[in-house]
Amino acid sequence: MSLVTTKEMLLDAQKNNYAVGAFNVENMEMVMAVIAAAEELNAPVIMQTTPSTVKYANVDYFYANAKVAAEKSFVPVAIHLDHGNSFELAMTAFRAGYTSIMIDGSHEQFEDNIRITKSVVDACHSAGVPVEAELGKVGGKEDDLEGGDGGYTDPQDAKEFVERTQVDSLAVAIGTAHGVYKGEPKLDLDRLSEIRKVVSIPLVLHGTSGVPDDTVKECVKRGICKVNYATDLRIAFTKGVVEVLNEHPEMIDPKKYNAQGLKHVKEYVMSKIKVVGAENKANR
């Protein structure tokens, strides 16, 4: 089927108390792995690219990969710009055909975050493309994303932000962080519940690589509808490649060692699709 937007995906997840897995992809093999996992479990899936990923190639390369994958698949697939860091980048992905856009103004002051988010919403909604934003600040570092110690989302600020921007989904800061955790993260689940009470749109959890599965399940139970995974996919892919090269140091065929990376990513993605409860939710 053709690429779809995230709007109906996330609204169905919200209505039926599960979340859609959103997986950052870095190359063709990771795209193939995510699709294979989603098909095996009959799950809707979101593939994502960050600013540094599209800087390495560009949005057209990743859109083309996702478009081909979706057209050959029977499960709903969306391609999402993760942490779009400027209006210009958001519009570049939008014009390339991305079916979901995130504008991350969380590093700005509240009013500036509203201004830049509303400008992206107005542009994307004209073509029916949904927009995700972030309020509060997810900490840690991943690629060029520097969140520092982070900053929690205030429920009343979230209510006002959503009303004024008309954004379609909201990434909230409740104690997660990008990158690799040094210890087990402690999430403010009560804060999440308070946000859910006053915000009606789907909520998004960032920085989930390394968060215990039981904690993720509890977040979904309390209103998270989209769960992002990035760092652990990179770790899985690299692990597979290293395994082959350690055993066969003379190996020069990228297809052979990349295939092992693909296998590890598929296994990881399947495990997380089950965690967020998206298994057998593809054709609702």
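Select Lys197 to begin: with a relative accessibility of 63%, Lys197 counts as exposed. (Exposed means over 50% relative accessible area, buried under 20% and partly exposed in between, with a 1.4 Å probe and protein chains only.) The model is predicted, so local features need pLDDT of at least 70 and side-chain atom pairs count only at pLDDT 80 or more, whereas totals for chains, interfaces and linings use all residues. Residues are numbered from 1 along each chain as its sequence is written, and side-chain values use heavy atoms, with hydrogens and water left out.

**Salt bridges**

Lys197 and Glu194 form a salt bridge, with 3.0 Å between the closest N and O atoms. The term denotes a side-chain nitrogen of Lys or Arg within 4 Å of a carboxyl oxygen of Asp or Glu. Both residues belong to helix α8 (residues 189-198), where they stand three residues apart and are thus separated by about one helical turn. Glu194 is partly exposed, at 38% relative accessibility. Helices (H or I, at least four residues) and strands (E, at least two) are DSSP runs, numbered from the N terminus.

Next, display Asp190, Glu218, Lys221 and Arg222, which a network of salt bridges links. The count of salt bridges comes to 17.

Move on to Asp168 and Lys7, whose side chains meet in a salt bridge at 3.0 Å, N to O. Asp168 is in the loop between α7 (155-165) and β8 (169-172) and Lys7 in helix α1 (residues 6-16), so this pair ties together parts 161 residues apart in sequence. Asp168 is buried at 13% relative accessible area, whereas Lys7, at 38%, is partly exposed.

Then select Arg234 and Glu26, a salt bridge with its closest N and O atoms 2.9 Å apart. Here helix α10 (residues 231-247), which holds Arg234, is tied to the loop between β1 (20-24) and α2 (28-41), which holds Glu26; the two parts are 208 residues apart in sequence. Both residues are partly exposed: Arg234 at 26% and Glu26 at 23%.

Show the strands. Eight of them close into a barrel with parallel pairing, in the order β1-β2-β3-β4-β5-β8-β10-β11. Neighbouring strands of this sheet are turned against each other by 25 degrees on average, direction ignored. Two strands pair if DSSP finds at least two bridges between them. β8 pairs with strand β10 (residues 203-205) in the parallel sense over three bridges, and Leu170 stands opposite Leu203 in β10.

Helix α7 packs on the sheet, touching β5 (131-135) and β8, and its direction makes about 150 degrees with that of β5. Axes are lines fitted to C-alpha atoms, for helices over the stretch in contact, and angles run from 0 to 180 degrees between N-to-C directions.

Within α7, select Thr165. Thr165 is buried, at 0% relative accessible area. A polar atom of the Thr165 side chain lies 2.8 Å from the backbone oxygen of Phe161. Beyond its neighbours within four places in sequence, Thr165 is in contact (heavy atoms within 4.5 Å) with Ile114, Thr117, Lys118 and Val121.

**Asp82**

Finish at Asp82 in strand β3 (residues 77-84). An unreviewed UniProt entry lists Asp82 for "active site"; such annotations may be inferred rather than shown by experiment. Asp82 is buried at 3% relative accessible area. Leaving out residues up to four places away in sequence, Asp82 touches Asn24, Gln48, Thr49, Thr50, Pro51, Met102, His206 and Asn228.

Note on methods
A polar contact is a pair of N or O atoms within 3.5 Å; within protein, one must be able to donate a hydrogen and the other to accept it, and residues adjacent in sequence count only if both atoms are side-chain atoms.
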